[in-house]
Structure formats: C-alpha cells, structure tokens
Amino acid sequence: MNESKPKVYLTREVVPAVKTRLRPQCNLHINPEDRTLPREDLLREIQDAVVLVPNSPDTIDAEVLEAGSKLKLLANFGVGYNNIDVDAATQLGIPLTNTPGVLTETTADIAWGLLTNVARRIGEGDRMIRADAWEGWGPLQLLGGDITGATIGLIGMGRIGKAMIPRAKGFSMKVIYFNRTRLDEAEERALGIEYASKEQVLAKSDFVSLHVALVPDTHYLIGEAELNLMKSTAYLINTTRGPVVDEKALVTALREKRIAGAGLDVYEQEPTVDAGLLPLENVVLAPHLGSATIGTRTKMGMIVADNIEAFLSGGPLPNIVNPAALG
Ligand code: DGY
C-alpha cells in the first residue's frame, strides 16, 4: 500500500469491483468487521482520512467532522444523508456527495414486496408453516386485502414515489398523491395520478406508501392523528426512514387494529426495532433492504468511486449535495 496516496476510509465493505477501481488511486482502508463501525474507531480512523465513505448507520456529526482535520470529501454510500450534519460539513468546507438515481427501482420493488406481503399475509403463512401449524387449505384462512383495483396513496413524489406509479398501474390501482410541491397538471395527467391533501390521501387510500426524505419537517409525518385518519382496512408502507413514522403510535394502531397492517423496511432507532412490533402478526418487518441487490449496491459503489475519482483529479463532483462547501 502506498502511504503517500490520500487515505480513503470506508466504514463498511463494498463489492470487489469498487475496490479494484479505487485501489490504484488511493490508500484504501476498510472497516474489517461486518458491522457498523464503533464510534471510537470512526473518531480514530477519520484523523488522517482525506476521504470518508460513510453508510447510513454512521452518525457523522460535528465532533466526527472536526476530528477529521485532513478530511476533504464525504462520499456517502447511499442517497439519504440524514445521518450527516450537512451544515457542519459545509461550514468546515467539506463537500458531501451521495448516490441518487440508482436505487430508485430497487427501493420501489421492496415497497411493493412489503405491500403484497402484508396485504396477502405471506409472512403469517410462512410462520404458520414453519411452526407446523398449517392444517390445510381453508375457505376463511388468512384472508387479506385486495390489491388489484385498490387505491394507493403516495406521500412524496420524488424519484421513488414516481417509480411506484407503474407498479400500481400494473395492478389497475387508482393512484392519489401528496407532495409538498404539486406536480403540474399536464404531468399529473400523463402519469395518471390525482393530487390530494395529506389528510385526503390518508383517508381515501387502501395503501399509503411513504416516499419523503427525512428532514425536520417530515419527522413524525405519520403519528397518531394521521393513523387515525386511515381506513381500518388500510395498510401503511414505509421504506424511507424510520423517524418519518412515530413507531409507538404505529404499534398502538396495529395492536388495536385501527389500521389493517404495515410493511416496514426502516425503523426509528435502527437496528433496534420497537419491541411492541415483534409479536404483531399484521406487520411485515424487513431489515432496511431497500437498495440491497447486487446490481444496485454495485452501482452505488461505482457512484461513490466516480465522486472520489473526480475529487482526486480536481474535477467537478458529479453528485455534490452541499455546493456551498466549496465557497
Ligand atoms: C439510502 O441510500 O439512503 C439507503 O437507505 C441506504 O442507506
């Protein structure tokens, strides 16, 4: 390893192709453990790192950034960066890049998987079989909610929200949506979707799927009041970030059958999942798998490498999030 090259530190492993691409250009260091890097290790490793590649479970706050006296780039492995104090990075003149675009379809796929799984009670059936409790077909066994022809309400109409539309249309669903900024009417017509207030989306939908970024305004976007607006036969799907939903309020709504079910890929305090969710049959729990395919994780790694290479060669950063950091 050539120690004269800048140190690039990855808090988690990446697919081999990304390492092969980066190794000739830098002094690549990677967390050797297949687990989130302990904070003391992060604080040590960042001291001489020129580039840090963090992942969503890493808290990159002002203390971490200030410990990185040589740090010149944060090349985030992921599109979401709510774990990073962007203001502190900007003030310190450290640009942040992310990996937009390449995980849109895979994340929409997992939302769709959760939707079909919870509505058709596949997880419950799986548990029944594994517990050797299945006594054969029954006319009233594990009856779920209809998907085809139902109304889906999309909250958030960015890339992933839009990627849900063809999936829903493939199931002949009516699509309504709420977004902070309404699309123009020509685009709504072309997409075949109708705009409604958040309250109307919650009240009218058979499935509510969340596709907003986690920012201060969307923290607890769905709490007790919002869950109370939903139909008792409706399902909530969350593949964005856990704190968009008040998990305790969701547990109560599910326990009291105020909604029919939920499909979750993200949690308020990952990897801790509210203990109240675990005994409930009407929730499907996935361990933050939204972008977890070989193809997507490879593309994410390649975007990280694109940004690191651009930085090393002094070129413009293709996916900069905080251009103000560059002055
Ligand atoms: C993302 O890219 O934001 C995924 O959730 C992984 O962190």
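Two strands count as paired if DSSP finds at least two bridges between them; strands (E, at least two residues) and helices (H or I, at least four) are DSSP runs numbered from the N terminus. In this predicted model, local features need pLDDT of at least 70 and side-chain atom pairs pLDDT 80 or more, while totals for chains, interfaces and linings use all residues. Residues are numbered from 1 along each chain as its sequence is written, and side-chain values use heavy atoms, without hydrogens and water.

An open sheet of 7 strands runs in the order β8-β7-β6-β9-β10-β11-β12, with parallel pairing. Its edge strands, β8 (193–195) and β12 (283–285), each pair on one side only. Strand β9 (residues 207–210) pairs with β10 in the parallel sense over 4 bridges, and Ser-209 stands opposite Ile-237 in β10.

Two helices contact strands of the sheet (contact: heavy atoms within 4.5 Å). Angles run from 0 to 180 degrees between N-to-C directions, with axes fitted to C-alpha atoms, for helices over the stretch in contact.

| α7 (residues 159–170) | β6 (151–155), β7 (174–178), β8, β9 | about 175 degrees with β6 |

Asn-238 is found in strand β10 (residues 235–238). Leaving aside residues up to four places away in sequence, Asn-238 touches Leu-210, Val-245, Gly-263, Leu-264, Asp-265 and Val-266. The Asn-238 side chain also reaches the backbone nitrogen of Thr-240 at 3.0 Å.

Notes:
A polar contact is a pair of N or O atoms within 3.5 Å; within protein, one must be able to donate a hydrogen and the other to accept it, and residues adjacent in sequence count only if both atoms are side-chain atoms.
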